[in-house]
Amino acid sequence: MAQEIELKFIVQQDAVPALRALLDTLGGEHQPPRQLHNTYYETADTQLRRHDMGLRVRGDNGRYEMTIKTAGRVVGGLHQRPEYNVPLESEALDLARFPAEIWPEGMDVAALQQAVQPLFSTDFLREKWVVTHGESQIEIGLDQGEVKSGDLSEPLCEMELELLSGTTADLLKLARQLVAQPGIRQGSLSKAARGYHLAQGNAPRQRKPLGILKLKPKATVEQALEASLEMALAHWQYHEELWVRGMDEAKADVVNAIGLVRHALMLFGGIVPRKASTHLRDLLTHFDVSLTQGLPAENLAYSAESGITKLALTDWLISRRWQPYLDEKAQAKIADSFKRFADTHLSRHAAELRNAFERPLGDKYRDQLPRLARETDALRLLAGVYDDAVSAPWLENWEGLRHAIETRQRIEIEHYRNEAISQAPFWRHSGKR
(Lines give C-alpha, C1' and ligand atoms only; values in the text may rest on other atoms or scores of the structure.)
Protein backbone atom coordinates (compact mmCIF):
# COMPACT_ATOMS: atom_id res chain seq x y z
CA MET A 1 0.00 0.00 0.00
CA ALA A 2 1.18 3.51 -0.82
CA GLN A 3 -0.33 6.83 0.24
CA GLU A 4 -0.79 8.61 -3.07
CA ILE A 5 -0.33 12.37 -2.81
CA GLU A 6 -0.65 14.15 -6.12
CA LEU A 7 -1.72 17.50 -7.47
CA LYS A 8 -3.59 17.68 -10.77
CA PHE A 9 -3.64 20.44 -13.39
CA ILE A 10 -5.49 20.75 -16.68
CA VAL A 11 -3.28 22.15 -19.45
CA GLN A 12 -4.31 24.05 -22.56
CA GLN A 13 -3.03 22.24 -25.63
CA ASP A 14 -1.25 25.27 -27.07
CA ALA A 15 0.54 25.81 -23.73
CA VAL A 16 2.23 22.38 -23.86
CA PRO A 17 5.45 23.42 -25.68
CA ALA A 18 6.20 26.23 -23.19
CA LEU A 19 5.35 23.97 -20.25
CA ARG A 20 7.58 21.20 -21.54
CA ALA A 21 10.43 23.68 -21.97
CA LEU A 22 9.95 24.85 -18.38
CA LEU A 23 9.96 21.29 -17.05
CA ASP A 24 13.19 20.61 -18.92
CA THR A 25 14.87 23.38 -16.93
CA LEU A 26 14.18 21.72 -13.56
CA GLY A 27 17.22 19.48 -13.86
CA GLY A 28 15.51 16.17 -13.21
CA GLU A 29 15.53 12.79 -14.88
CA HIS A 30 13.46 12.93 -18.06
CA GLN A 31 11.61 9.97 -19.58
CA PRO A 32 10.31 10.39 -23.15
CA PRO A 33 6.60 9.86 -23.90
CA ARG A 34 5.25 6.31 -23.72
CA GLN A 35 1.79 5.02 -24.49
CA LEU A 36 -0.38 3.96 -21.54
CA HIS A 37 -3.76 2.24 -21.69
CA ASN A 38 -5.96 2.06 -18.59
CA THR A 39 -9.20 0.14 -18.29
CA TYR A 40 -11.46 1.06 -15.36
CA TYR A 41 -13.88 -1.48 -13.93
CA GLU A 42 -17.20 -1.17 -12.12
CA THR A 43 -20.32 -3.16 -11.29
CA ALA A 44 -23.70 -2.49 -12.86
CA ASP A 45 -24.88 -0.92 -9.58
CA THR A 46 -21.64 1.14 -9.11
CA GLN A 47 -20.70 -0.78 -5.98
CA LEU A 48 -17.11 0.45 -6.04
CA ARG A 49 -18.04 4.06 -6.65
CA ARG A 50 -20.46 3.99 -3.73
CA HIS A 51 -17.56 2.96 -1.49
CA ASP A 52 -15.36 5.71 -2.99
CA MET A 53 -13.09 3.10 -4.60
CA GLY A 54 -11.58 3.08 -8.08
CA LEU A 55 -10.30 -0.05 -9.86
CA ARG A 56 -8.18 -0.14 -13.00
CA VAL A 57 -5.70 -2.24 -14.96
CA ARG A 58 -2.87 -0.36 -16.67
CA GLY A 59 -1.10 -1.66 -19.73
CA ASP A 60 2.40 -0.32 -20.36
CA ASN A 61 4.37 -1.84 -23.24
CA GLY A 62 3.31 -5.42 -22.49
CA ARG A 63 3.44 -5.03 -18.71
CA TYR A 64 0.28 -4.89 -16.61
CA GLU A 65 -0.56 -3.54 -13.19
CA MET A 66 -3.81 -3.71 -11.23
CA THR A 67 -4.56 -0.72 -8.99
CA ILE A 68 -7.28 0.10 -6.52
CA LYS A 69 -7.63 3.48 -4.85
CA THR A 70 -9.68 3.78 -1.68
CA ALA A 71 -11.37 6.69 0.08
CA GLY A 72 -9.19 9.70 0.76
CA ARG A 73 -9.27 13.48 0.69
CA VAL A 74 -9.33 15.85 -2.27
CA VAL A 75 -8.65 19.54 -1.68
CA GLY A 76 -8.44 21.82 -4.70
CA GLY A 77 -6.96 19.15 -6.95
CA LEU A 78 -4.59 17.78 -4.29
CA HIS A 79 -5.48 14.11 -3.95
CA GLN A 80 -4.47 12.19 -0.83
CA ARG A 81 -5.67 8.60 -0.79
CA PRO A 82 -4.38 5.06 -0.22
CA GLU A 83 -3.38 3.23 -3.40
CA TYR A 84 -2.69 -0.49 -3.80
CA ASN A 85 -0.73 -1.76 -6.82
CA VAL A 86 -0.31 -5.39 -7.89
CA PRO A 87 1.63 -6.58 -10.98
CA LEU A 88 -0.25 -8.91 -13.35
CA GLU A 89 0.88 -11.36 -16.03
CA SER A 90 -1.94 -10.21 -18.35
CA GLU A 91 -4.71 -7.64 -18.38
CA ALA A 92 -7.11 -10.06 -16.64
CA LEU A 93 -8.28 -8.91 -13.21
CA ASP A 94 -7.45 -10.97 -10.13
CA LEU A 95 -8.98 -9.20 -7.11
CA ALA A 96 -7.89 -11.96 -4.72
CA ARG A 97 -4.35 -10.59 -4.95
CA PHE A 98 -5.30 -7.43 -3.06
CA PRO A 99 -4.93 -7.51 0.76
CA ALA A 100 -8.16 -8.67 2.38
CA GLU A 101 -8.24 -5.72 4.77
CA ILE A 102 -8.76 -3.11 2.04
CA TRP A 103 -12.32 -4.24 1.34
CA PRO A 104 -15.36 -2.81 3.16
CA GLU A 105 -16.80 -5.10 5.79
CA GLY A 106 -19.11 -7.70 4.31
CA MET A 107 -17.97 -7.30 0.71
CA ASP A 108 -17.82 -10.63 -1.15
CA VAL A 109 -14.62 -10.32 -3.22
CA ALA A 110 -15.29 -13.45 -5.27
CA ALA A 111 -18.75 -12.15 -6.21
CA LEU A 112 -17.25 -8.74 -6.96
CA GLN A 113 -14.72 -10.38 -9.31
CA GLN A 114 -17.62 -11.82 -11.31
CA ALA A 115 -19.66 -8.62 -11.25
CA VAL A 116 -17.14 -6.01 -12.40
CA GLN A 117 -16.98 -5.15 -16.08
CA PRO A 118 -14.95 -2.63 -18.12
CA LEU A 119 -16.67 0.76 -17.87
CA PHE A 120 -14.34 3.24 -19.56
CA SER A 121 -10.74 3.62 -20.61
CA THR A 122 -8.00 6.21 -20.87
CA ASP A 123 -5.38 6.17 -23.61
CA PHE A 124 -2.61 8.72 -23.45
CA LEU A 125 1.04 9.47 -23.97
CA ARG A 126 2.80 10.09 -20.66
CA GLU A 127 6.01 12.08 -20.51
CA LYS A 128 7.74 12.14 -17.12
CA TRP A 129 10.25 14.19 -15.18
CA VAL A 130 11.51 13.10 -11.75
CA VAL A 131 12.95 16.11 -9.94
CA THR A 132 14.33 16.97 -6.53
CA HIS A 133 12.73 19.98 -4.93
CA GLY A 134 13.75 20.95 -1.42
CA GLU A 135 14.08 17.66 0.44
CA SER A 136 11.57 15.83 -1.74
CA GLN A 137 11.48 13.73 -4.86
CA ILE A 138 8.57 14.58 -7.13
CA GLU A 139 7.36 12.94 -10.33
CA ILE A 140 5.80 15.22 -12.92
CA GLY A 141 3.66 13.51 -15.54
CA LEU A 142 2.40 15.25 -18.68
CA ASP A 143 -0.47 13.25 -20.18
CA GLN A 144 -2.01 13.80 -23.62
CA GLY A 145 -4.71 11.55 -25.06
CA GLU A 146 -8.38 10.82 -24.41
CA VAL A 147 -10.90 9.39 -21.98
CA LYS A 148 -13.36 7.06 -23.70
CA SER A 149 -16.53 5.13 -22.86
CA GLY A 150 -18.28 3.40 -25.73
CA ASP A 151 -18.76 5.95 -28.50
CA LEU A 152 -18.22 8.91 -26.19
CA SER A 153 -14.86 10.52 -25.55
CA GLU A 154 -13.21 13.74 -24.48
CA PRO A 155 -9.65 14.97 -24.90
CA LEU A 156 -7.14 14.67 -22.10
CA CYS A 157 -4.29 17.12 -21.53
CA GLU A 158 -3.12 17.35 -17.96
CA MET A 159 -0.16 17.50 -15.65
CA GLU A 160 0.17 15.56 -12.40
CA LEU A 161 2.69 16.20 -9.66
CA GLU A 162 3.12 13.12 -7.46
CA LEU A 163 5.10 13.11 -4.24
CA LEU A 164 7.43 10.10 -4.34
CA SER A 165 9.21 10.97 -1.08
CA GLY A 166 9.47 13.99 1.16
CA THR A 167 6.87 16.57 2.18
CA THR A 168 3.65 17.99 0.82
CA ALA A 169 5.11 21.45 1.47
CA ASP A 170 7.79 20.84 -1.17
CA LEU A 171 5.14 19.59 -3.62
CA LEU A 172 3.16 22.80 -3.15
CA LYS A 173 6.29 24.97 -3.51
CA LEU A 174 7.09 23.37 -6.85
CA ALA A 175 3.48 23.81 -7.93
CA ARG A 176 3.68 27.53 -7.16
CA GLN A 177 6.63 27.78 -9.52
CA LEU A 178 4.73 25.99 -12.29
CA VAL A 179 1.38 27.80 -12.05
CA ALA A 180 3.14 31.09 -12.77
CA GLN A 181 3.11 29.73 -16.33
CA PRO A 182 -0.13 30.67 -18.20
CA GLY A 183 -2.22 27.89 -19.69
CA ILE A 184 -2.42 25.72 -16.55
CA ARG A 185 -5.57 25.29 -14.44
CA GLN A 186 -5.71 23.51 -11.11
CA GLY A 187 -8.38 20.85 -11.61
CA SER A 188 -10.21 18.58 -9.20
CA LEU A 189 -11.79 16.28 -11.82
CA SER A 190 -9.71 13.12 -12.04
CA LYS A 191 -9.52 10.93 -15.14
CA ALA A 192 -11.83 8.50 -13.35
CA ALA A 193 -14.40 11.19 -12.58
CA ARG A 194 -14.48 12.18 -16.24
CA GLY A 195 -14.72 8.55 -17.30
CA TYR A 196 -17.69 7.88 -15.00
CA HIS A 197 -19.45 10.92 -16.40
CA LEU A 198 -18.96 9.68 -19.96
CA ALA A 199 -20.14 6.20 -18.99
CA GLN A 200 -23.34 7.70 -17.60
CA GLY A 201 -24.14 9.33 -20.94
CA ASN A 202 -22.17 12.58 -20.71
CA ALA A 203 -25.20 14.67 -19.79
CA PRO A 204 -24.48 18.40 -19.46
CA ARG A 205 -23.21 19.13 -15.98
CA GLN A 206 -25.61 21.28 -13.98
CA ARG A 207 -25.00 24.19 -11.64
CA LYS A 208 -25.21 23.33 -7.96
CA PRO A 209 -26.57 25.60 -5.24
CA LEU A 210 -24.42 26.33 -2.23
CA GLY A 211 -25.66 23.97 0.42
CA ILE A 212 -25.51 23.86 4.20
CA LEU A 213 -22.20 22.67 5.63
CA LYS A 214 -22.46 19.23 7.23
CA LEU A 215 -19.92 17.88 9.71
CA LYS A 216 -19.49 14.76 11.79
CA PRO A 217 -20.87 14.90 15.33
CA LYS A 218 -18.51 16.40 17.90
CA ALA A 219 -16.52 18.27 15.25
CA THR A 220 -14.13 20.91 16.49
CA VAL A 221 -14.06 24.55 15.42
CA GLU A 222 -10.86 23.85 13.47
CA GLN A 223 -12.50 20.98 11.58
CA ALA A 224 -15.36 23.32 10.70
CA LEU A 225 -12.92 25.96 9.42
CA GLU A 226 -11.25 23.38 7.19
CA ALA A 227 -14.54 21.96 5.94
CA SER A 228 -15.92 25.45 5.21
CA LEU A 229 -12.98 26.36 2.99
CA GLU A 230 -12.94 22.95 1.31
CA MET A 231 -16.64 23.41 0.51
CA ALA A 232 -15.98 26.83 -1.00
CA LEU A 233 -12.98 25.65 -3.03
CA ALA A 234 -14.88 22.63 -4.38
CA HIS A 235 -17.78 24.91 -5.41
CA TRP A 236 -15.32 27.28 -7.11
CA GLN A 237 -13.57 24.56 -9.10
CA TYR A 238 -16.75 22.71 -10.09
CA HIS A 239 -18.35 25.85 -11.51
CA GLU A 240 -15.14 27.07 -13.09
CA GLU A 241 -15.22 23.81 -15.07
CA LEU A 242 -18.77 24.59 -16.22
CA TRP A 243 -17.81 28.17 -17.09
CA VAL A 244 -14.82 27.05 -19.17
CA ARG A 245 -17.05 24.54 -20.97
CA GLY A 246 -19.36 27.35 -22.10
CA MET A 247 -21.94 27.84 -19.34
CA ASP A 248 -21.72 31.60 -18.82
CA GLU A 249 -24.13 31.57 -15.87
CA ALA A 250 -21.64 29.51 -13.86
CA LYS A 251 -19.42 32.58 -13.50
CA ALA A 252 -21.82 33.84 -10.82
CA ASP A 253 -21.23 30.62 -8.87
CA VAL A 254 -17.48 31.17 -9.04
CA VAL A 255 -18.00 34.65 -7.63
CA ASN A 256 -20.23 33.26 -4.85
CA ALA A 257 -17.65 30.60 -3.99
CA ILE A 258 -14.91 33.20 -3.60
CA GLY A 259 -17.32 35.21 -1.45
CA LEU A 260 -17.83 32.13 0.73
CA VAL A 261 -14.06 31.89 1.28
CA ARG A 262 -14.02 35.49 2.48
CA HIS A 263 -17.04 35.03 4.70
CA ALA A 264 -15.62 31.85 6.24
CA LEU A 265 -12.44 33.73 7.16
CA MET A 266 -14.61 36.43 8.76
CA LEU A 267 -16.72 33.88 10.64
CA PHE A 268 -13.67 32.34 12.29
CA GLY A 269 -11.88 35.68 12.58
CA GLY A 270 -12.45 35.86 16.32
CA ILE A 271 -10.02 32.96 16.67
CA VAL A 272 -7.79 33.12 13.59
CA PRO A 273 -6.26 36.64 13.36
CA ARG A 274 -6.44 38.53 10.07
CA LYS A 275 -2.66 38.56 9.70
CA ALA A 276 -2.77 34.77 9.26
CA SER A 277 -4.62 35.18 5.95
CA THR A 278 -3.39 38.58 4.71
CA HIS A 279 -1.64 37.21 1.63
CA LEU A 280 -4.54 34.93 0.74
CA ARG A 281 -7.11 37.71 1.11
CA ASP A 282 -5.02 40.05 -1.03
CA LEU A 283 -4.89 37.47 -3.81
CA LEU A 284 -8.67 36.96 -3.59
CA THR A 285 -9.24 40.71 -3.80
CA HIS A 286 -7.14 41.05 -6.96
CA PHE A 287 -8.83 38.03 -8.52
CA ASP A 288 -12.27 39.46 -7.69
CA VAL A 289 -11.33 42.57 -9.68
CA SER A 290 -10.28 40.41 -12.64
CA LEU A 291 -13.66 38.67 -12.55
CA THR A 292 -15.41 42.00 -13.10
CA GLN A 293 -13.42 42.85 -16.23
CA GLY A 294 -15.39 40.67 -18.64
CA LEU A 295 -12.50 38.44 -19.67
CA PRO A 296 -13.37 35.18 -21.49
CA ALA A 297 -13.58 32.17 -19.19
CA GLU A 298 -10.55 30.43 -20.70
CA ASN A 299 -8.38 33.53 -20.47
CA LEU A 300 -9.11 33.97 -16.78
CA ALA A 301 -9.33 30.34 -15.64
CA TYR A 302 -5.99 29.47 -17.27
CA SER A 303 -4.24 32.66 -16.15
CA ALA A 304 -1.30 32.68 -13.76
CA GLU A 305 -3.35 34.88 -11.41
CA SER A 306 -6.10 32.28 -11.15
CA GLY A 307 -3.62 29.45 -10.64
CA ILE A 308 -1.66 31.27 -7.95
CA THR A 309 -4.85 32.25 -6.07
CA LYS A 310 -6.39 28.77 -6.01
CA LEU A 311 -3.09 27.17 -5.10
CA ALA A 312 -2.62 29.67 -2.25
CA LEU A 313 -6.00 28.63 -0.83
CA THR A 314 -5.12 24.95 -1.25
CA ASP A 315 -1.78 25.51 0.50
CA TRP A 316 -3.41 27.52 3.32
CA LEU A 317 -5.76 24.61 3.92
CA ILE A 318 -3.40 21.66 3.54
CA SER A 319 -0.56 23.28 5.48
CA ARG A 320 -2.93 24.76 8.10
CA ARG A 321 -1.27 28.14 7.74
CA TRP A 322 -3.33 29.62 10.59
CA GLN A 323 -1.67 27.46 13.23
CA PRO A 324 1.53 29.54 13.77
CA TYR A 325 -0.64 32.60 14.53
CA LEU A 326 -2.65 31.03 17.36
CA ASP A 327 -1.72 31.71 20.98
CA GLU A 328 -2.62 29.35 23.81
CA LYS A 329 -6.06 30.88 24.27
CA ALA A 330 -6.86 30.65 20.56
CA GLN A 331 -5.61 27.05 20.45
CA ALA A 332 -8.12 26.14 23.15
CA LYS A 333 -10.94 27.87 21.29
CA ILE A 334 -10.19 26.26 17.93
CA ALA A 335 -10.09 22.82 19.56
CA ASP A 336 -13.45 23.41 21.25
CA SER A 337 -16.88 22.14 20.18
CA PHE A 338 -18.15 23.56 16.90
CA LYS A 339 -21.72 22.94 18.11
CA ARG A 340 -21.15 25.38 20.97
CA PHE A 341 -19.50 27.86 18.59
CA ALA A 342 -22.41 27.52 16.13
CA ASP A 343 -25.10 28.15 18.73
CA THR A 344 -23.43 31.37 19.83
CA HIS A 345 -22.78 32.67 16.32
CA LEU A 346 -26.19 31.69 14.90
CA SER A 347 -27.73 34.11 17.37
CA ARG A 348 -25.30 36.88 16.46
CA HIS A 349 -25.68 36.60 12.70
CA ALA A 350 -29.46 36.20 12.87
CA ALA A 351 -29.63 39.37 14.97
CA GLU A 352 -27.56 41.21 12.34
CA LEU A 353 -30.05 40.22 9.66
CA ARG A 354 -33.11 41.12 11.72
CA ASN A 355 -31.67 44.54 12.56
CA ALA A 356 -30.87 45.22 8.91
CA PHE A 357 -34.30 44.20 7.58
CA GLU A 358 -36.69 44.81 10.45
CA ARG A 359 -38.49 47.55 8.48
CA PRO A 360 -39.06 48.17 4.72
CA LEU A 361 -36.08 49.81 3.01
CA GLY A 362 -37.77 51.25 -0.07
CA ASP A 363 -35.17 51.71 -2.79
CA LYS A 364 -32.25 50.95 -0.43
CA TYR A 365 -32.46 47.16 -0.51
CA ARG A 366 -29.58 46.69 -2.92
CA ASP A 367 -27.30 48.57 -0.54
CA GLN A 368 -27.76 45.67 1.87
CA LEU A 369 -26.82 42.90 -0.58
CA PRO A 370 -23.17 42.60 0.61
CA ARG A 371 -24.36 42.28 4.22
CA LEU A 372 -27.05 39.78 3.23
CA ALA A 373 -24.52 37.65 1.31
CA ARG A 374 -22.07 37.73 4.20
CA GLU A 375 -24.63 36.80 6.85
CA THR A 376 -26.38 34.07 4.85
CA ASP A 377 -23.00 32.49 4.07
CA ALA A 378 -22.16 32.51 7.77
CA LEU A 379 -25.51 30.90 8.53
CA ARG A 380 -25.03 28.14 5.94
CA LEU A 381 -21.69 27.29 7.58
CA LEU A 382 -23.25 27.20 11.05
CA ALA A 383 -26.73 25.77 10.57
CA GLY A 384 -25.64 22.25 9.65
CA VAL A 385 -25.23 21.26 13.29
CA TYR A 386 -29.04 20.98 13.25
CA ASP A 387 -31.31 18.86 11.08
CA ASP A 388 -32.04 20.20 7.60
CA ALA A 389 -35.74 19.90 8.32
CA VAL A 390 -35.52 22.91 10.64
CA SER A 391 -32.46 24.77 9.35
CA ALA A 392 -33.04 24.65 5.58
CA PRO A 393 -36.48 26.39 5.52
CA TRP A 394 -35.13 29.10 7.86
CA LEU A 395 -32.19 29.79 5.54
CA GLU A 396 -34.32 29.53 2.39
CA ASN A 397 -36.37 32.59 3.38
CA TRP A 398 -33.22 34.71 3.62
CA GLU A 399 -31.95 33.27 0.33
CA GLY A 400 -35.32 34.08 -1.22
CA LEU A 401 -34.97 37.67 -0.04
CA ARG A 402 -31.50 37.88 -1.55
CA HIS A 403 -32.71 36.57 -4.91
CA ALA A 404 -35.70 38.91 -4.93
CA ILE A 405 -33.44 41.92 -4.28
CA GLU A 406 -30.98 40.85 -6.99
CA THR A 407 -33.81 40.45 -9.52
CA ARG A 408 -35.69 43.59 -8.32
CA GLN A 409 -38.98 41.81 -7.54
CA ARG A 410 -40.58 44.36 -5.18
CA ILE A 411 -43.57 42.26 -4.11
CA GLU A 412 -41.38 39.21 -3.53
CA ILE A 413 -38.89 41.31 -1.55
CA GLU A 414 -41.52 42.28 1.01
CA HIS A 415 -42.93 38.75 1.13
CA TYR A 416 -39.57 37.19 1.92
CA ARG A 417 -38.56 40.01 4.27
CA ASN A 418 -41.70 39.48 6.36
CA GLU A 419 -41.27 35.72 6.33
CA ALA A 420 -37.58 35.91 7.25
CA ILE A 421 -37.78 38.35 10.15
CA SER A 422 -40.79 36.55 11.68
CA GLN A 423 -39.09 33.15 11.86
CA ALA A 424 -38.52 31.58 15.26
CA PRO A 425 -34.93 30.49 15.90
CA PHE A 426 -34.22 26.78 15.58
CA TRP A 427 -31.02 26.73 17.65
CA ARG A 428 -30.41 26.59 21.38
CA HIS A 429 -29.27 29.50 23.54
CA SER A 430 -31.22 31.87 21.32
CA GLY A 431 -33.02 33.53 24.20
CA LYS A 432 -36.38 32.47 22.72
CA ARG A 433 -36.37 28.73 23.34
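This is a predicted model: local features need pLDDT of at least 70, side-chain atom pairs count only at pLDDT 80 or more; totals for chains, interfaces and linings use all residues.
How many residues does helix H6 have, and how far does H6 reach from its first C-alpha to its last?

1. Helix H6 runs over residues 221-244, which makes 24 residues, and spans 35 Å from first C-alpha to last. At 1.5 Å a residue, 34 Å would be expected, so the span is close to that value. Most of H6 is covered, with 21 of its 24 residues buried. After H6 comes glycine 246, and its phi is positive, near 110°.

2. Serine 306 belongs to helix H10, residues 304-318. Its relative accessibility is 0%, and therefore serine 306 counts as buried. Setting aside neighbours within four places in sequence, the contacts of serine 306 are Glu240, Phe287, Leu300 and Ala301.

3. The second largest pocket holds about 500 Å³ of space. Its lining is made up of 18 residues, and Pro209, Leu210, Asn256, Arg380 and Glu399 are the closest to its centre. Helix H7 (250-267) and helix H14 (388-406) each contribute at least two residues to this lining. H14 gives the largest share, with 8 residues. By type, the lining of this pocket has 8 charged, 6 nonpolar and 4 polar residues.

4. Aromatic pairs come next. The whole structure contains 15 of them.

5. Why is the pair of phenylalanine 426 and tryptophan 427 edge-to-face? The ring centres of phenylalanine 426 and tryptophan 427 lie 4.9 Å apart and the planes stand at 90°, so the pair falls in that class; the cut-off for edge-to-face is an angle over 60 degrees. Tryptophan 427 is buried, as is phenylalanine 426. Ring pairs also connect a cluster consisting of Phe357, Tyr365, Tyr386, Trp394, Trp398, Phe426 and Trp427.

6. Is valine 86 buried or exposed? Valine 86 has a relative accessibility of 11% and so counts as buried, since the limit for that class is under 20%. The residue is part of strand E6, residues 78-88. Between the C-alpha atoms of valine 86 and methionine 66 there are 5.1 Å, although the two are 20 residues apart along the chain. Not counting residues up to four places away in sequence, valine 86 touches Met66 itself, together with Glu65, Arg97 and Phe98.

7. Where is glycine 27 placed? Glycine 27 lies in the loop between helix H1 (16-24) and strand E2 (29-42). With a relative accessible area of 70%, glycine 27 is exposed, because that class begins over 50%. From glycine 27 to phenylalanine 268 the C-alpha to C-alpha distance is 42 Å, and the two residues are 241 apart in sequence.

Methods
Residues are numbered from 1 along each chain as its sequence is written. Side-chain values use heavy atoms; hydrogens and water are left out. On a 1 Å grid over the protein atoms alone, a cavity is a set of points where a 1.4 Å probe fits but cannot get out, and a pocket is an open set with protein on both sides within 12 Å along at least five of seven lines; lining residues have an atom within 4 Å of a point. Grid points are joined across faces, edges and corners, and a volume is the space filled by probe spheres set on the points. Helices (H or I, at least four residues) and strands (E, at least two) are DSSP runs, numbered from the N terminus. Ala, Val, Leu, Ile, Met, Phe, Trp, Tyr, Cys and Pro count as nonpolar, Asp, Glu, Lys and Arg as charged, and the others, Gly among them, as polar. Buried means under 20% relative accessible area, exposed over 50%, partly exposed in between (1.4 Å probe, protein chains only). Contact means heavy atoms within 4.5 Å. Rings of Phe, Tyr and Trp (its six-membered ring) pair if their centres lie within 6.5 Å; planes under 30 degrees apart count as stacked, over 60 as edge-to-face and the rest as tilted.
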